[in-house]
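Hi,

Here is the structure I promised to pass on. Have a look at it first, and my notes on what turned up follow below.

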Amino acid sequence: MTVEMKNRVQELLEQKTRKIDAGEETIYLVGPVRLPIQLDGETVIFQWYNWLKLKGEVENFQELLDQLPSLQLADAQQSSVLVYGDFEQAEEALVRMHSICHTGDIFGSKRCDCGFQLKQALRNIVKHGTGAVFYLANHEGRGIGLFSKAMAYVLQENGYDTVDANIQLGFSDDERNYEEAIAALRALRSKPITLMTNNPNKIRALEEKGMNVAGRAPLWGDVSEYNKNYLQTKVERSGHLSEGGTILHVKS
């Protein structure tokens, strides 16, 4: 690669990368990247961002690029943001902090409602006109990781609910942390947001970091015989806010 070409590559990438100070760590947020998404049979244009957290801070942007091949990023997930509309300036915007769910989002598992919530959040944002879905890669199984989640599923198939399964594996009910996502959100928007969630802990996490959460939009649906107990446990043991005090009727 010639010096001229190397400089051009650095210039193109540096224009689309911002640095976010996160104490002893640094978050590098790259984007936006135009991302056409298939949603209910139509192609909708979102803007995609991805972030990487590193210990300390590199001296210059080229050093960051030089490190990429040695970081082995394919061995671990990185989190993403999907933005629709004028997210920065719109007076009202919907936000979904969505925990990655390999089984629900990718395989379409009916053991949970994660896949439904992801798609419905995208639909709500498009209908509303602007918003963002933060897809949080280190939140699998409420933060216990995919392998531990598989073990938790084994326990669930033998009578343990989702809370007790996590606890029996040595975890708390919920191990998730939202600090990285909040730092990325703060970099993309300063105006109030409406959070799409049934979980008051997500609202509390954002408010404790000074984010302006103007409201909450519930996200219930796709209830079936396979996930009814899972959803009921969310309400009864994890403090999630149900609609009308009960879980929706199970689909036949």
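The largest cavity has a volume of about 420 Å³. A cavity here is a set of points, on a 1 Å grid over the protein atoms alone, where a 1.4 Å probe fits but cannot get out, and lining residues have an atom within 4 Å of a point. Grid points are joined across faces, edges and corners, and the volume is the space filled by probe spheres set on the points.

Before you go further: this is a predicted model, where local features need pLDDT of at least 70 and side-chain atom pairs count only at pLDDT 80 or more, while totals for chains, interfaces and linings use all residues. Residues are numbered from 1 along each chain as its sequence is written, and side-chain values use heavy atoms, with hydrogens and water left out.

Helix α6 (146–156) gives the most to the lining, with four residues; β5, α4 (114–128), α5 (140–143), α7 (162–168) and α10 (228–238) are among the elements that supply at least two each. (Helices, H or I of at least four residues, and strands, E of at least two, are DSSP runs numbered from the N terminus.) By class the lining has eight nonpolar, 12 polar and eight charged residues.

Now helix α10. Its buried residues (under 20% relative accessible area, 1.4 Å probe, protein chains only) are Y230, L231, T233, K234, V235 and S238. They pack against α4, α5, α7 and α9. Why does T233 count as buried? Because its relative accessibility is 10%. A polar atom of the T233 side chain lies 2.9 Å from the backbone oxygen of N229. Setting aside residues up to four places away in sequence, T233 touches D161, T162, V163 and S238 (heavy atoms within 4.5 Å). Just after α10, G239 takes a positive phi of about 80 degrees.

On to the nonpolar cores, meaning sets of buried Ala, Val, Leu, Ile, Met, Phe, Trp, Tyr and Cys residues joined through side-chain atoms within 4.5 Å. The largest has 28 residues, and W51, M97, F134, L185 and L206 have the most contacts inside it. Helix α8 (179–188) gives the most to this core, with six residues. Apart from neighbours within four places in sequence, L206 is in contact with M97, I182, L185, I193, L195, M211 and V213. There is also a second, separate core of 14 residues, including L82, L94, L122 and I125.

Last, the largest pocket, with a volume of about 310 Å³. A pocket is an open set of grid points with protein on both sides within 12 Å along at least five of seven lines. Of its 19 lining residues, D105, L118, K119, L122 and Y135 lie nearest the centre. Helix α4 provides the largest share of this lining, five residues. The lining divides into nine nonpolar, five polar and five charged residues.

Cheers

How values were computed:
Buried < 20%, exposed > 50% of the residue type's maximum accessible area, 1.4 Å probe, protein only. Nonpolar A, V, L, I, M, F, W, Y, C, P; charged D, E, K, R; others polar. Polar contact = N/O pair within 3.5 Å; in protein donor to acceptor, adjacent residues only side chain to side chain.
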